[in-house]
Amino acid sequence: MFAVLVCAIALAGTPHFGNVYLHGETVRVAVPEDVPENARSWRVLDDALGMRAEGAIKQSPVIDVGTLPRGWYRIEFLDESGQSLAFTTAAVLHELEHTP
């Protein structure tokens with residue numbers, strides 16, 4: 001039941017509720033409101049804590065991560081020293097070949 005619900009959310013399109021994407025889609029994540037103003041950069045870690053992407057926080061309220069392999073990701077927002085100040089998560093799912 002959970003997998004069907006998550007897949008249905010992923011199929012819902014933009015905006016991506018809960019940061020759930022289908023494989024091949026560009027991952028674009030809103031910077032959460034609780035991220036402190038002194039956050040200067042972001043990084044994406046996979047479930048094994050391997051870094052998959054990183055970038056600077058710009059004036060935009062959205063970060064463009066790019067495409068990621070299927071999996072679960074932790075997106076951390078960092079200060080100038082690289083200390084994690086806040087985080088959110090994202091998931092990239094395999095597209096269903098047919099709907100149940």
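A charge sits over a ring if NZ of Lys or CZ of Arg is within 6 Å of the ring centre and within 35 degrees of the ring normal. Keep that handy; the model here is a predicted one.

Q: What makes Arg74 count as lying over the face of Phe87?
A: The distance from the ring centre is 3.7 Å. The cut-off is within 6 Å, with an angle within 35 degrees of the ring normal. Arg74 is listed as lying over the face of Phe87, so it passes.

Q: Why is Thr88 called buried?
A: Its relative accessible area is 15%. Buried means under 20%, so Thr88 gets the label.

Q: Where does Thr88 sit, and which residues is it in contact with once neighbours within four places in sequence are left aside?
A: Thr88 is part of strand β7, residues 84–93. Its contacts are Asn19, Val29, Pro32, Tyr73, Arg74, Ile75 and Phe77. Notice Arg74 in there: that's the residue over the face of Phe87.

Q: Leu68 and Arg70 both lie in the loop between β5 and β6. Why is Leu68 called buried?
A: Leu68 comes in at 9% relative accessibility. That falls under 20%, so Leu68 counts as buried.

Q: And why is Arg70 called partly exposed?
A: Arg70 has a relative accessible area of 46%. Buried needs under 20% and exposed needs over 50%, so Arg70 lands in between.

Q: What makes the pairing of the Arg70 and His23 side chains a polar contact?
A: The distance is 3.5 Å. The cut-off is a pair of N or O atoms within 3.5 Å, so this pair qualifies.

Q: How do you know which parts of the model the predictor is confident about?
A: Look at pLDDT, which runs from 0 to 100. The protein's mean is 86, and 82% of its residues reach 70 or more. Over residues 1–13, though, the pLDDT is below 50. Confidence is lowest in helix α1 (residues 2–11), with a mean of 46, and highest in β6, at 98.

Note on methods:
Residues numbered from 1 in each chain as written. Predicted model: local features only at pLDDT ≥ 70, side-chain atom pairs only at ≥ 80, totals over all residues. Heavy atoms only, no water. Helix = DSSP H or I, 4+ residues; strand = E, 2+ residues; numbered from the N terminus. Buried < 20%, exposed > 50% of the residue type's maximum accessible area, 1.4 Å probe, protein only. Contact = heavy atoms within 4.5 Å. Polar contact = N/O pair within 3.5 Å; in protein donor to acceptor, adjacent residues only side chain to side chain.
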